[in-house]
Amino acid sequence: MSSPALRRRRRGPSWRLGWMLPAGLALMAGLDAALLLLGLPAPITTDRLPVVHGMLLVLGFVGTLIALERATALARWYGFLAPALLGLGAIALVADPVPLMVGKVLLVLGTAAFTLVYVPLWRRQHDEAVLTELLAAGLACGGAIRWAGGADFDEVLPWLIGFVVLTIAAERVELARITLGARAGSRVLVHAASLVAALLIGVAWPVAGAVLLGAGLLALTLWLIQHDVARHTIRTRGATRFMAAAILCGYGWLMIAAVVLLLGGTPQGAAYDAVAHAVFLGYTISMIMAHATTILPAVLRIDLPYRSAFWVPLGLLQLSLVVRLGLGDALGWGPAWQLGGVLGVLALLVFVATALTSAVLGPPHARSLPSPRPERSRSAPTVATNSASATTPPSVSATTPPSVSATTPPSGAVSAATLSRASAPAAVGSARFGGRRAGLAVGGLLLATLTLLAVGALHPLTPGGGKNEGAGVPAASGQAPVQNVAVTAEGLRFTPDRIEVPAGTHLLIELTNVDAAMTHDLVVDSGTRTERLAPGQSELLDVGVVTGDLEAWCGVAGHRQQGMVLSIVAAGAAPDDHPTRAGTGPSGHGYGTSGEEAVQKPIIDLAADPGPDFMPNDAELPLLPPSDGPVTRKVTLEVTEQVMEVAPGITQRLWTFGGSAPGPVLHGRVGDIFEVTLVNDGPIGHSIDFHAGELAPDGPMRTIAPGESLTYTFTAERAGIWMYHCGTAPVSTHIASGMYGAVVIESEDLPAVDHSYVLVQGEYYLGAQGEELDGDALAAGEPDLVAFNGYAAQYDHAPLQARAGERVRLWVLDAGPERALSFHVIGTQFDTVWSEGSYLVEPGSGDGSQALGLLPAQGGFVELTPPEPGHYPFVNHVMRDAERGAHGILEVTAS
């Protein structure tokens, strides 16, 4: 085999390497964009790269690679138009001076040429597996058409999934005909038809289409796993075992993506990230790694011998996906999401470096690449025959003329696959589906589908058409230059917090929440906004064409007021230009002049009847039962968001501890141990700060993400009424939203009284009915309501009770966050006053007091003995706040 003729074939036409250069550029640019989307430094920083990240890797890299392989199999000059156009399209996507639409059009032309390559290949051999690949290439063309027509990448994603999954599945069928059976081609075509049907349904009904796509992918994957010879060759050695392991890993990730789609419908946030990377990294790249040592030699006529070092990038790839999908997407841990992304980039770079090194070094000197030895078993002859199918370059042996297949590595893989194919029927599915008739049917369906997609894609580019119609974005925005900017949200800041673009630019913002626990979003005063993003999630926001300066902010309550603002500057705009402003927001509500929804504050009538369903918050503090020593008191506080009534007819969305605002009163004696478990069932991060304990706040007071919990344990060392509250920034917003409560710790020598009540003052800065607070009013320190125990003037309608001559103790806490409290009971005096650790008026001293003055987060108690029956109003003697609802009645009846 060392004849001059063979040496001439090995030298081959080196021009094929030219098609690999754009594919390599697309891979490197796609990895650079991946780092930008992760919010990390990257070698090259351009605004366009994050926008084209997906298309660079799927069509620019994988598409060019498969098209080059198919052009080699066709062995006709016109076949190489497909990889040429796809490679040029990838270059155009990366080159900023080139309009983005040029790259999009080149990808449409490249995928169309790629689809046409399969026509002569199918005519050469009427094989339903090749027909499935034709259909898959058509899906790539359909995805490129939709993207060129202005569809978001999440709308294109299912079409690209169909392309890579069906292409690889059909090639596996071509390589494993004996284990899959004579009807394998027909069966994979049926699976392909089900996926195409799901995609077409998804155009009109995205959720139903996504669920059907997940079901179809799951059925296809289970069928492939059941019959693929890789299940047997995993027990062999060397290259065959490596390839089988990579193939089975790919099937595993494809199954995970299918389940996520099946259970979740249209993927959003973490689910979107999981599906995209499970398919395009876990499935596609694992399959490329599996076949690289045979694809590249057959296509490029260069030796790429297998080495055990190939296990390193394969292992890194699987680890990256476990970290990213398992810890990042599933558990919402932002650092794991970033770490998994970095490991994925590293895995691909290590694989490229390993492949280049192996090609330069040539075959290992220790042995001359013997064929991998299969495990001895009863089925050894069958496995030995089919083991090559796990190592044969997909589709090349099925359609490549002898001159091409003769260039494969000296491992004997292709010759074994050729023997396997010789023993199988020439056209596996033709007898069942009618051969040419099946081709005509698939071709007609594909032509009709692409025509409809082309018409739908062109419509938005025509005057008056498109999905932006009526949304305040000019119809010609598709012709405006597009700029993508990656923005990260962390703490209470956006990075960068200022974006400058030329006036007339179509701006896209890729927002990534890299916060460890807090939830963020982005609201633009043009009326567009993202969903709320949990840690690690990201979303691409289409701001539209920027004609004037815009302001954007985080819409989570209080974050904007704390400075979480993003400025968008339109450079070159005329001084009188105004930003393009949408007429309605994402929920159809009108926006005010600031771009935020105008707050329609409800009309307050504190004297109104609360209604028959009114249930006052019980202010009475129960007696503590006797105990022989310190007691351990276990409490669980679940954080929830719920709409609650805060005054007659006034409702607000409150953030609560234990389902109430304020939270439940915790009661004990000095020396008692409190074990408080905080469970965050809310949609944003929260924490808890107990003033009654002394602990370093780093651990027990940390913010926990939605779905997490922690246990806070402290010993009550000192008596008093102590505040607890959420300590997550901005703290004022969390307190004003209801996240506060009281801890009453009694000393052993505290005298008994007839009645003991707890009154906690809080403030409300009303938003619209049933909505969250008005952050601007909070920032100005102007509450709409001031209330005792969470409901303004509730004890006017349900007075506290006592009898004449009975001793009453009133525990009072000012929870703030802003207003001071001067507690006074009209018609009586306090003969005992205790504040912040000391008696101001001691019992039995004969002295008296008229008011207990408290600042926010201070507390104490007063004692009094009403002399006669009557109604004794209690108020905050800061009269503005009494008139806002901080008043009630102590109703005293005859003894």
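The model is predicted, so local features are taken up only at pLDDT of at least 70 and side-chain atom pairs only at pLDDT 80 or more, while totals for chains, interfaces and linings use all residues. Residues are numbered from 1 along each chain as its sequence is written, and side-chain values rest on heavy atoms, with hydrogens and water left out. Helices (H or I, at least four residues) and strands (E, at least two) are DSSP runs numbered from the N terminus.

Take the helix pairs to begin with. Helix α3 (residues 49–74) and helix α6 (residues 128–148) have axes that come within 12 Å and cross at roughly 150 degrees. Axes here are lines fitted to C-alpha atoms, for helices over the stretch in contact, with angles from 0 to 180 degrees between N-to-C directions. The crossing of α3 past α6 is left-handed, meaning that the near helix is turned anticlockwise from the far one by less than a right angle; clockwise would be right-handed. On the α3 side, V51, V52, M55, L59 and R70 make the contact, and on the α6 side E133, A140, G143, A144 and W147 do; contact means heavy atoms within 4.5 Å. Sorted by class, the residues of this α3 and α6 contact come out as seven nonpolar, one polar and two charged. In that scheme Ala, Val, Leu, Ile, Met, Phe, Trp, Tyr, Cys and Pro are nonpolar, Asp, Glu, Lys and Arg are charged, and the others, Gly among them, are polar.

Helix α4 (residues 81–94) and helix α5 (residues 100–124) form another pair, with axes that come within 8 Å and cross at roughly 160 degrees. That angle makes α4 roughly antiparallel to α5, and α4 passes α5 in a left-handed crossing. Contact residues include L85, L86 and L93 of α4, along with L106, L107 and F114 of α5. The class count for the α4 and α5 contact is 15 nonpolar, four polar and one charged.

Next comes the sheet. Four strands make an open sheet of mixed pairing, ordered β11-β16-β15-β13. β11 (666–669) and β13 (689–690) sit at the edges with a single partner strand each, so one side of each has no neighbour in the sheet. Two strands count as paired if DSSP finds at least two bridges between them. β11 runs parallel to β16 (residues 740–746) over four bridges, with H667 opposite V744 and G668 opposite I745. From β11, L666 and G668 point one way and H667 and R669 the other, and all are buried (under 20% relative accessible area; exposed is over 50%, partly exposed in between, with a 1.4 Å probe and protein chains only).

Most residues other than glycine have a negative phi, and most peptide bonds are trans. The bond from A661 to P662 is cis, with omega near 0 degrees, and P662 is in the loop between β10 (650–657) and β11. The bond from G816 to P817 is also cis, with omega near 15 degrees; P817 lies between β20 (808–814) and β21 (821–825), in the loop. N789, not a glycine, has a positive phi of about 60 degrees and is buried at 6% relative accessibility. E836 has a positive phi near 50 degrees and counts as partly exposed at 43%.

Notes:
Parallel < 35°, antiparallel > 145°, perpendicular 65-115°, else oblique.
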